[in-house]
Structures are given as structure tokens and as C-alpha cells.
Amino acid sequence: MTPVKSPEPVRAKPDAVCVAAVEPAREAAIAEAGAAQVGEHLGHLVEGERLVTHYFASTHPGYRGWRWAVTLTRASRAKTVTINEVVMLPGDDAVVAPEWVPWSERVQPGDLRPGDLFPTLPDDPRLEPGFTETADAPEDVLAVVEELGLGRERVLSPFGREEAAERWYAGDFGPAAAIAQAVPYKCHSCGYWIRLADSLGQAFGVCANEMAPGEARVVAYDYGCGAHSDATIDITEAPTPDHAFDTTGYDTLQLED
């Protein structure tokens, strides 16, 4: 059942006939939900001139803290009331569904699975129009376009580039990571570090060491780990002991004829 927010009280003179019409309101609630679902009278709320809502507790085990709201009114100079509506509303202690959030705001990094689509907005500030007018461009221009990856409808904007850089630098593969703080080696001097060809290459690259925690990931130039290419040590072979022979005993062999 969709919860409905209770209206704020209004300044109106309570109508004595509507306020006293508790039993007609209860009968309306019973007609809607059944006698077993309607509990004690919880009070009333003046909604307006000759407009009152009476509240009754809900005894349904699945709707604890909810209440039946019966709104009634009467015409001017009339002695009887008219039922306007009967609805169930949540009380202060009612269990209600969380506030609805659009799906585009619910999706978080890592939520996408094979077959899922997450379309970008037309006005996404992280993107800007790319260079696509290549139909009549000379061969040397096409070569540059292909090398720079410009033949796309949209490319990363300066805002998107800066946002990505800040996120990467502050992430698990930035200089503040615990593993980077524990070693003197930095990625910019590592033979396994592949600098990005984009302008982001001034601060980021990709790790190509399968033994490193950042392997196949974008790592900051001043990130570091113990799998640095300069982390070499001299390994000396352990001495081989001489063979030992037992000369204090003998074995009995059974020889066949």
C-alpha cells in the first residue's frame, strides 16, 4: 500500500457535528476493511471548515503503527455527515518503504553485470563533442585522428578528465595507499609502469607486473609497491652438505638360489 503523507493541520473552527461523528466514521472504516482490522479511535484532525478526519488504529499484524483515516464533512446547516474517503495512513511508528530514488541514482560503481546498459545523459558534463568530420580529411589528418582517438561522437571533457584524475589519485592506487607508504619505490621509476599516452600520462600509467597489486590498473606516478623492478636482491645458494653414509650397521639380504 502506498503511504500517503498526512496533511498539516489548518486553522479552522472545529465542527461539532463532524467531531462527534466517531461511530459513522468507524462504520465507514469497517465497511472498507472489516471489523477485525479496525481498532480504537485515535483522535481527529480538523482539515478545514466542516471537514474532519477521524483516525482509528489498524489491527492488521502486517500494518503495525498504521491507522485508518476517515474524512467526513457536512453541508451547511445539515445535521448528518457525508463520508469523503477512507484510507490507511502511516503513523509515527509505522514501518514504511524508503523514499523512492531514481534508478540512475541507485546504480553504484561495480553494479553493472553482463548485458546491463547504463546510458549517459546527453548533457553529461564529463563529455564533450568529439571531432567526427573526417569524411573529406586527408590521409595525414586521418592518421592523427585515429592515433588520438578523436573520431568519436563524444570525448572526455576537461571537467571529466579532472574528475577522473582526482578520483584515481585519491583511490586505492594513489600515493596515500598504505602499500605505497610502506615502500621507497615509486611507479614512475618502475620498468613495469606504462605511461598513459593521454595528457593524464603526466600523473598516471598502467601497471604491467602480474605480481603487483596494481597489475592492469591505472596507478599514480607516485604510487608504489614491493614489486618494483628495482627491488632486486642478491640470492646466494645454500651450501650443499656432503653425503652421509651409515657404516655402523648392515642390512640382511635374502638371496634366492
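**Close-up views of a predicted model**

**View 1. The lining of the largest cavity, by residue class.** The lining of the largest cavity is made up of nine nonpolar, three polar and one charged residues, where Ala, Val, Leu, Ile, Met, Phe, Trp, Tyr, Cys and Pro count as nonpolar, Asp, Glu, Lys and Arg as charged, and the others, Gly among them, as polar. This is a predicted model, in which local features need pLDDT of at least 70 and side-chain atom pairs count only at pLDDT 80 or more, while totals for chains, interfaces and linings use all residues. Residues are numbered from 1 along each chain as its sequence is written, and side-chain values use heavy atoms, with hydrogens and water left out. The structure holds one cavity of 30 Å³ or more, and about 90 Å³ of space lies in the largest cavity. Among the 13 residues that line the largest cavity, Cys187, Cys190, Cys207, Cys225 and His228 are the closest to its centre. A cavity is a set of points on a 1 Å grid over the protein atoms alone where a 1.4 Å probe fits but cannot get out, and lining residues have an atom within 4 Å of a point; the points are joined across faces, edges and corners, and the volume is the space filled by probe spheres set on them.

**View 2. The largest nonpolar core.** Of the 16 residues in the largest nonpolar core, those that touch the most other members are Cys187, Trp193, Phe204, Val219 and Tyr223. Such a core is a set of buried Ala, Val, Leu, Ile, Met, Phe, Trp, Tyr and Cys residues joined through side-chain atoms within 4.5 Å, and buried means under 20% relative accessible area, exposed over 50% and partly exposed in between, with a 1.4 Å probe and protein chains only.

**View 3. Ser58 in strand S2.** Ser58 is found in strand S2, which covers residues 51-58, strands being DSSP runs (E, at least two residues) numbered from the N terminus. Ser58 counts as buried because its relative accessibility is 11%, and its side chain reaches the backbone nitrogen of His60 at 3.4 Å.

**View 4. Two residues with positive phi.** Arg50, in the loop between strand S1 (38-48) and S2, has a phi near 55°, a positive value in a residue other than glycine, and at 23% relative accessibility Arg50 counts as partly exposed. Arg77, in the loop between strand S3 (66-73) and strand S4 (82-90), has a positive phi of about 70°, and Arg77 counts as exposed because its relative accessibility is 79%.

Note on methods
On a 1 Å grid over the protein atoms alone, a cavity is a set of points where a 1.4 Å probe fits but cannot get out, and a pocket is an open set with protein on both sides within 12 Å along at least five of seven lines; lining residues have an atom within 4 Å of a point. Helices (H or I, at least four residues) and strands (E, at least two) are DSSP runs, numbered from the N terminus. A polar contact is a pair of N or O atoms within 3.5 Å; within protein, one must be able to donate a hydrogen and the other to accept it, and residues adjacent in sequence count only if both atoms are side-chain atoms.
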